[in-house]
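Let's take a look inside this protein and see how its side chains pack. Have the sequence and the 3D view ready.

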Amino acid sequence: MSYQVLARKWRPHAFNDLVGQEHVVQALVNGLDQDRVHHAFLLTGTRGVGKTTIARILAKCLNCEKGVSSTPCGECGSCVDVDEGRFVDMLEIDAASKTKVDDTRELLETVQFTPSRGRYKVYIIDEVHMLSGHSFNALLKTLEEPPPHVKFVLATTDPQKLPITILSRCLRFSLTRLLPDQISGHLDKILQAESIEAEESAIMRIARAADGSMRDGLSLLDQAIAYGGGSLRDTDVANMLGSIEHQHIAAILDALSNSDAPALMDIVNELVLQSRNLESVLDDLAEATHRIALIQAAPDFRDPIRDDWDSLVERAAQVSPEDAQLYYQIAIMGRRDLGLAPDPRTGLEMTLLRMLAFRPADTDSGGSVTPKKPVVTGAGNNRPKPTSAAIQNKPVSNGNEAAKAARAAFDELQKSSLAHTPKKVPRPEPEQKPELKPEPEHEPGPEIEGGPELDFGSQPGLGDNPIPVTGEHDPSTDWSSLQTNLELSGAAREFARHIQLESVDENHWKFLVPDTLQLLGSEKVVQSLQSALSDRLGHAVKLDLHKASQPVKSVAAAQQRAEKSRMSEAERAIDEDPTVQDIKKKFGAKIVPDSIQPLQ
């Protein structure tokens with residue numbers, strides 16, 4: 001009798017034999033036991049997770065001679081024929097080889113005929129996403145309302161390619177990837193049944209290499225048994241798969257921690273001589289750095305499955321959390337770009353060298369330099385503020401080999417700059433407010449009851465001789481601070497920020513309004529301002545508004561002048577900094593426009 005591969009020999013024949021997929025099994029078992037079986041099923045998932053197996057078990061449950069049940073007998077003629085793949089009423093169609101609409105029409109012509117032997121005709125369409133658009137359209141009506149004796153089971157690894165009209169007509173079950181523990185447990189049972197000696201580490205290595213697919217695991221197991229001459233040893237499996245030993249990964253981590261590039265090249269050369277799979281080096285390195293990050297973040301955590309945990313605990317004390325994150329990111333990015341490299345060895349070597357080049361610099365070795373910070377004082381601020389806030393938006397990256405010479409020169413510049421004393425920036429004098437004098441008698445301006453459109457009277461002389469505030473200076477008449485405390489919002493707040501307080505005469509407040517703001521000063525806005533001002537002062541006030549003939553000294557204008565002054569001071573401080581001047585002189589550097597921001 002010819003040899004039968006393990007993947008076919010040990011294919012499950014009942015729902016109880018399935019490994020994993022509990023959520024799918026539970027739904028199908030309950031539907032069969034309660035006689036609530038849908039007419040169309042869609043099974044999705046990666047290769048080797050049980051899509052075709054579940055479809056065959058479902059067909060056996062529906063056509064068992066002892067009745068529809070979730071536990072078929074497995075002994076009757078129908079069950080045996082289904083297991084052997086020769087049941088006449090179970091039709092398995094490979095959609096990848098029958099993509100044309102004519103093939104689908106030929107298939108649908110047989111739907112109307114009753115089953116020859118069983119209760120139901122079960123159509124299993126594998127890789128259904130390979131059908132053409134016309135084939136899907138031809139299938140729609142039959143899939144929505146099939147004869148009562150027909151069941152459809154569609155299987156695909158790419159459900160995104162299926163039309164929504166197909167998805168809406170089926171019960172969809174998403175099969176998940178199997179865990180290494182689940183695969184290794186099933187492989188162990190098979191090895192015991194086959195009386196094959198095996199090492200536990202070899203079984204786990206195959207389970208991890210299966211990458212979530214039971215069929216891949218069984219195929220690798222067949223190959224490993226043949227390679228090992230009827231037994232399963234870890235060294236043989238490692239050589240067969242080209243796997244990377246943990247000793248190599250530990251040596252790479254040690255070399256990275258010591259910044260030992262020659263040691264890294266020696267390790268790569270040894271892996272090449274042993275014909276190891278260089279692509280898996282970056283995968284294993286990323287996995288190791290991930291576990292190092294876990295150890296650093298949760299010291300009490302331990303993975304009982306991994307036998308190399310103690311070794312990684314030692315490396316976690318040598319690798320900083322920043323380095324672990326950097327190594328992981330570079331490893332996965334290098335693995336992604338490995339196909340673009342001239343050859344795998346070049347790609348691996350460049351990725352490892354990149355980990356050294358972009359490693360965060362050590363401040364004790366002079367790799368990171370902080371320039372001396374001169375003092376910048378803003379308008380109206382008595383406290384000196386460092387220019388560290390007036391910085392470039394793009395930080396200078398250090399750490400790569402090509403930048404070592406520039407960094408050494410920068411260190412030398414830094415030492416020389418310590419001898420310089422930064423120039424003191426003179427603090428600008430605060431703005432002088434106009435002297436307040438008694439207000440001469442004048443005709444009162446229009447009141448706010450004048451209508452929705454206010455008529456501001458023109459007073460040409462106000463720009464040169466403003467009407468002063470009467471009486472002693474009162475803090476409440478400081479419009480700059482007062483308007484910020486008013487309960488205003490929207491247009492009223494902007495209106496208050498752009499007008500100038502001209503004078504205060506008891507309860508009469510007079511303001512100058514620029515021409516550009518007349519449209520904003522509607523009756524509703526002025527009423528809001530007057531109400532807010534009255535509430536703040538605790539007594540009723542009346543507003544008199546006049547059109548200004550010259551630019552007003554509003555709060556908004558003062559803020560714009562202060563911001564412009566602060567920006568100028570920040571740019572001047574950066575430009576006059578001795579370190580910046582030396583860098584510009586020696587390296588020809590230029591300050592990026594609009595990259596300087598004043599201290600907030």
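A residue counts as buried when its relative accessible area is under 20%. Tyrosine 123 comes in at 0%, so it is buried. Keep in mind that this is a predicted model.

**Aromatic pairs**
- There are three aromatic pairs here, and two of them are described below.
- Phenylalanine 41 and phenylalanine 173 are stacked, with 6.3 Å between centres and 20° between planes.
- That pair ties together distant parts of the chain, since phenylalanine 41 is in strand 1 and phenylalanine 173 is in strand 5, 132 residues apart.
- Phenylalanine 41 is buried at 5%, and phenylalanine 173 is buried too, at 12%.
- Tyrosine 123 and phenylalanine 152 have ring centres 5.4 Å apart and planes at 25°, so they are stacked.
- Here tyrosine 123 belongs to strand 3 and phenylalanine 152 to strand 4, 29 residues apart.
- Phenylalanine 152 has 0% relative accessibility, so it is buried.

- In soluble globular proteins, nonpolar side chains tend to be buried together.
- The largest nonpolar core has 32 residues, and Ile252, Leu352 and Met355 touch the most other members.
- Helices 12, 13, 14, 15, 16 and 17 each supply at least two residues of this core.
- Helix 14 is the top contributor, with seven residues.
- Another core, of 26 residues, lies apart from that one and includes Val24, Val25, Leu43 and Ala55.
- Leaving out residues up to four places away in sequence, methionine 355 touches Leu256, Leu285, Leu326, Tyr327, Ile330 and Ala331.

Methods:
Residues numbered from 1 in each chain as written. Predicted model: local features only at pLDDT ≥ 70, side-chain atom pairs only at ≥ 80, totals over all residues. Heavy atoms only, no water. Core = buried A, V, L, I, M, F, W, Y, C linked by side-chain atoms within 4.5 Å. Buried < 20%, exposed > 50% of the residue type's maximum accessible area, 1.4 Å probe, protein only. Helix = DSSP H or I, 4+ residues; strand = E, 2+ residues; numbered from the N terminus. Contact = heavy atoms within 4.5 Å. Phe/Tyr/Trp six-rings, centres within 6.5 Å; stacked < 30°, edge-to-face > 60°.
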